[in-house]
Amino acid sequence: MMRPPLLRSSLGRLVTIFGSFSASRNKLVTQAAAVPHLFYFRKNMHYQTEERGHPHSPDYRIYFKTKEGKYISPFHDIPHQAEKEKDDGVPAKKPKQNESEVLFNMVVEVPRWSNAKMEIATKEPLNPIKQDVKKGKLRYVANIFPHKGYIWNYGAIPQTWEDPNHTDEETKCCGDNDPIDVCEIGTLVCSPGQVIQVKVLGILAMIDEGEMDWKVIAINAEDPDAMNLNNIEDVRKSRPGHLEATVDWFRKYKVPDGKPENQFGFNGQFKDKDFAVKIIKSTHEHWRALVQKQTNGAGIECINTSCCESPFNCSSEEAIGVVKSAPTFGSSHTVSPEVDKWYFV
């Protein structure tokens, strides 16, 4: 694997996304930041990330760029569906295929085994990834025995939105005002800001404090197991306990913070991939209405650089101004040993 020198500019440290990092709790970003000449390249990936601020601090941000260096929003400018490419990087002719066979883009927010609750900042211009803050403190998910941090690579499908103005027909709950979440169950540990193509396998209907919070179950299309996992039943048969552990994790992860257990639609049963794709398609349509200003945005920042029909479209110069206004990249802050504490719930 080639590792040419890291490109630097006054805009901060640039990291081009590649494959996976070796993670040790939530030090993943810190470890990358500590290497002065780290440049990760992934064939056929179109996106780069630029870090601003200090990892493990409230000012830390991960901004996104195209391979040409144009700043974009990972929420609004990365397509929800992935395009297959030829070897020369040119999009291949799309074959006719069933909707459930389509690959989707996933923006990785949290690597497997890590604790820092990283998320797309839906209410900030260009929607960088940041660490969530609650009551003035950075959020880290608790280690609920026997789990360590997040038990999958966790992230979101871009150009989707769980509309808080929309009531789900089945669960009678409204959306949680975020892009739809993805649990990527592959072998590799990803990195924050990595954009991967995933194969959808099913979906879980989590209800978080009365809000609909769908969890798509998917696998990286390049994972060694991807060819053998085609639906949620394949996961159940080949990975005993994995789905049950997923429900258990989502049910209990907020309990150490003094909150009640989360509930689930469909009695906590996973729905199949056809149902999952239908939900993704629905949230994409809600997103389209959002960026076209056809619905109440509920505080969402819709600035984008590529949505032609959107009144929120901004120029490259305006996007550069947004990034330049953020603090320059600096050393990581210390993480409390409390992050490694076990909880028995």
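Trp152 counts as buried, at 0% relative accessibility. Buried means under 20% relative accessible area, exposed means over 50%, and partly exposed lies in between (1.4 Å probe, protein chains only). This is a predicted model, in which local features need pLDDT of at least 70 and side-chain atom pairs count only at pLDDT 80 or more, while totals for chains, interfaces and linings use all residues. Residues are numbered from 1 along each chain as its sequence is written, and side-chain values use heavy atoms, with hydrogens and water left out.

**Aromatic pairs and the cluster**

- The whole structure holds 15 aromatic pairs. Rings of Phe, Tyr and Trp (its six-membered ring) pair if their centres lie within 6.5 Å; planes under 30 degrees apart are stacked, over 60 edge-to-face, and the rest tilted.
- Tyr150 is buried, with a relative accessible area of 2%. Tyr154 is buried too, at 9% relative accessibility.
- Trp152 and Trp249 form an edge-to-face pair, because their planes stand at 70°, with ring centres 4.9 Å apart.
- Trp152 lies in the loop between β11 and β12, and Trp249 in helix α3 (residues 242-252), so the pair ties together parts that are 97 residues apart in sequence. Helices (H or I, at least four residues) and strands (E, at least two) are DSSP runs, numbered from the N terminus.
- Trp249 counts as buried, at 4% relative accessibility.
- One aromatic cluster is formed by Tyr150, Trp152, Tyr154, Trp249, Phe250 and Tyr253.

**Helix α3**

- Eight of the eleven residues of α3 are buried, so the helix is largely enclosed by the rest of the structure.
- The buried residues of α3 include His242, Leu243, Ala245 and Thr246. Val247, Trp249, Phe250 and Lys252 are also among them.

**Strand β12 and its partners**

- Both faces of β12 are covered. Asn153 and Gly155 are buried on one side, Tyr154 and Ala156 on the other.
- Strand β6 (residues 103-110) runs antiparallel to β12, and three bridges join them. Two strands pair if DSSP finds at least two bridges between them.
- Val107 has Ala156 of β12 as its bridge partner.
- Strand β14 (residues 181-184) also pairs with β12 in the antiparallel sense, over four bridges.
- Asp181 of β14 is the bridge partner of Ala156.

**Salt bridges**

- Side chains of opposite charge can pair when their charged atoms come close.
- The whole structure holds 17 salt bridges. A salt bridge is a side-chain nitrogen of Lys or Arg within 4 Å of a carboxyl oxygen of Asp or Glu.
- Arg52 and Glu50 form one of them, with the closest N and O atoms 3.6 Å apart. Arg52 is buried, with a relative accessible area of 2%. Glu50 is buried, with a relative accessible area of 1%.
- Asp208 bridges to Lys254, where the closest N and O atoms are 2.7 Å apart. Asp208 lies in strand β15 (residues 195-208) and Lys254 in the loop between α3 and β17 (263-264), so the pair ties together parts that are 46 residues apart in sequence.
- Asp208 counts as buried at 10% relative accessibility. Lys254 is buried, with a relative accessible area of 9%.
- Glu209 bridges to Lys259, where the closest N and O atoms are 3.1 Å apart. Glu209 lies in the loop between β15 and β16 (211-220) and Lys259 in the loop between α3 and β17, so the pair ties together parts that are 50 residues apart in sequence.
- Glu209 counts as exposed at 53% relative accessibility. Lys259 is partly exposed, with a relative accessible area of 29%.

**A charge over rings**

- The charged end of Lys271 sits over the ring of Phe266, 4.7 Å from its centre. For this, NZ of Lys or CZ of Arg must be within 6 Å of the ring centre and within 35 degrees of the ring normal.
- Lys271 also lies over the face of Phe275, at 5.2 Å from the ring centre.

**A nonpolar surface patch**

- Phe145, Trp342 and Phe344 make a nonpolar surface patch of about 380 Å². Patches are made of residues with over 30% relative accessible area and no salt bridge: like charges are joined within 9 Å, nonpolar side chains (Val, Leu, Ile, Met, Phe, Trp, Tyr) within 5 Å. Accessible areas come from the Shrake-Rupley method with a 1.4 Å probe; for residues, only the protein chains shown count as cover.
- Phe145 is found in the loop between β11 (143-144) and β12 (153-156). Phe145 is partly exposed, with a relative accessible area of 46%.
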